Amino acid sequence: MITQKRINVPIYRYRLQIIIFDNWEELRGLIPKDIYEECYDSRGVAVNTGCSGIVCVGGEFGSTVIHEAEHIKNYIWRMIGYTPQADNDETDAYLLTYLYEQIVTIWHKHNNNNRKN
């Protein structure tokens, strides 16, 4: 089973598709074929397509949410040409927190639905 949601990241005009999956095969056709084959059986993957992206996280691996959120954050920075500041990382932390909260909400929804089945 997969659970998914599409969001627009405010301010940055970055569209993000969030997919939580139970097994890797469910991602066939949802992510680019080369990434599907290269990352086969991973706990998660983040895909950048320019001004949008896809983040996929396995339902069993909660810690992967923050790992993949970090990749998405960096894709957004690259898209807008921003370089994070080592001595003032508030902007960086706020975006990472926002992405984490969006992804983990869908991750919890997915796992709650699985418990009901």
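Buried residues, meaning those under 20% relative accessible area with a 1.4 Å probe and protein chains only, make up 41% of the 117 residues in the chain. The model is predicted, so local features need pLDDT of at least 70 and side-chain atom pairs count only at pLDDT 80 or more, while totals for chains, interfaces and linings use all residues. Residues are numbered from 1 along each chain as its sequence is written, and side-chain values use heavy atoms, leaving out hydrogens and water.

**Fold**
- The chain contains 3 helices and 4 strands, taken as DSSP runs (helices: H or I, at least four residues; strands: E, at least two) numbered from the N terminus.
- Along the sequence, these elements follow the pattern β-β-α-β-β-α-α.

**Dimensions and contacts**
- The C-alpha trace spans about 45 × 30 × 20 Å along its principal axes.
- Contacts are heavy atoms within 4.5 Å; of those between residues at least 6 apart in sequence, 56% join residues at least 24 apart.

**Arginine 6**
- Arginine 6 belongs to strand E1, which covers residues 2–9.
- Because its relative accessibility is 65%, arginine 6 counts as exposed, a class that begins over 50%.
- Leaving aside residues up to four places away in sequence, arginine 6 touches Leu16 and Gln17.
- Arginine 6 and glutamine 17 are 11 residues apart along the chain, yet their C-alpha atoms are separated by 4.3 Å.
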